Amino acid sequence: MGYVLLKLIHVGTVYITFGLFLARGIWMLLDSPRLQDRWVKIVPHLNDTLLLTAAIGMLITGGLNPLVHPWLLVKITGLLLYIWLGTMALKRGKTKAQRSLYFVAALAVIGYIIAVAVTKQVIPGLI
Ligand code: HEM
């Protein structure tokens, strides 16, 4: 599969992951039972698997080594941080106040990852 198609899949699934995370965070804040719906427990994981698979595909077809391009290393670290913050926000945070803070932090990390992706800078806006 070509790089351009992989990038299209990657960016498309980024929109979906953002939308689904935002919706789940709002349901968490509202104590909505929809957070427990079966599809809500499955679809985000399928989408995130596709997002990551396309990312790895781009690294391979594009011959991109994260050790050579620090912005890629930052994206990988950012993704791990987002997964941890997201789990704390939607599941593991003990009180709603804690989960809300984790939710806001996770949104900030997604924003940072997107800014890094678009600018290809570890500190977006520096140049
Ligand atoms: C292991 C994690 C990831 C890797 C290795 C990775 C890698 C890449 C690569 C190689 C590109 C293409 C750059 C180009 O050719 O212009 C890209 C684009 C992009 N990535 Fe990721 N990505 C990862 C995770 C994420 C995550 C978690 C998000 C957002 C939540 C994200 C958002 C984006 C966006 C928005 C673009 C398009 C940037 C543009 O406008 O050109 N990526 N990513």
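The largest nonpolar core of this predicted model has ten residues: Tyr-82, Leu-85, Ala-89, Leu-90, Tyr-102, Phe-103, Ala-106, Val-109, Ile-110 and Ile-113. A nonpolar core here is a set of buried Ala, Val, Leu, Ile, Met, Phe, Trp, Tyr and Cys residues joined through C-beta atoms within 7 Å. H3 and H4 are the elements that give two or more residues to this core, and H4 supplies the largest share, six residues. Residues are numbered from 1 along each chain as its sequence is written. As the model is predicted, local features need pLDDT of at least 70 and side-chain atom pairs count only at pLDDT 80 or more, while totals for chains, interfaces and linings use all residues.

- Ala-106 is in contact with Tyr-82, Leu-85, Gly-86 and Ala-89, leaving aside its neighbours within four places in sequence.
- Contact requires that the C-beta atoms of two residues, placed from the backbone, lie within 7 Å.

**Packing of H1 and H3**

- H1 and H3 cross in a left-handed sense, a term for a near helix turned anticlockwise from the far one by less than a right angle (right-handed if clockwise).
- On the H1 side the contact involves Phe-21, Arg-24, Gly-25 and Met-28, which meet Gly-86, Ala-89 and Leu-90 of H3.
- By class, this contact of H1 with H3 has four nonpolar, two polar and one charged residues.
- The classes are nonpolar (Ala, Val, Leu, Ile, Met, Phe, Trp, Tyr, Cys and Pro), charged (Asp, Glu, Lys and Arg) and polar (the others, Gly among them).

**Ligand shell**

- The ligand is surrounded by 19 residues, and the closest are Ala-55, Met-58, Lys-75, Ile-76 and Ala-117.
- Helix H1 (3-29), helix H2 (38-61), helix H3 (70-92) and helix H4 (96-119) are the elements that give two or more residues to this shell.
- Helices (H or I, at least four residues) and strands (E, at least two) are DSSP runs, numbered from the N terminus.
- The shell has 15 nonpolar, two polar and two charged residues.

**Positive phi**

- Most residues other than glycine have a negative phi.
- Asp-31 is not a glycine, yet has a positive phi of about 55°.
- Asp-31 sits in the loop between H1 and H2 and is exposed, with 8 other C-beta atoms within 10 Å.
- Exposure is set by the number of other C-beta atoms, placed from the backbone, within 10 Å of a residue's own: buried at 20 or more, exposed at 12 or fewer, partly exposed in between.
- Lys-120 also has a positive phi, near 55°, and belongs to the segment after H4.
- Lys-120 counts as partly exposed because it has 13 C-beta neighbours inside 10 Å.

- Arg-99 lies in helix H4 and counts as partly exposed, with 19 C-beta neighbours inside 10 Å.
- Gly-125, in the segment after H4, is exposed, with 7 other C-beta atoms within 10 Å.
- Gly-125 and Leu-20 are 105 residues apart in sequence and 27 Å apart in space, C-alpha to C-alpha.

Notes:
Near = placed C-beta within 6 Å.
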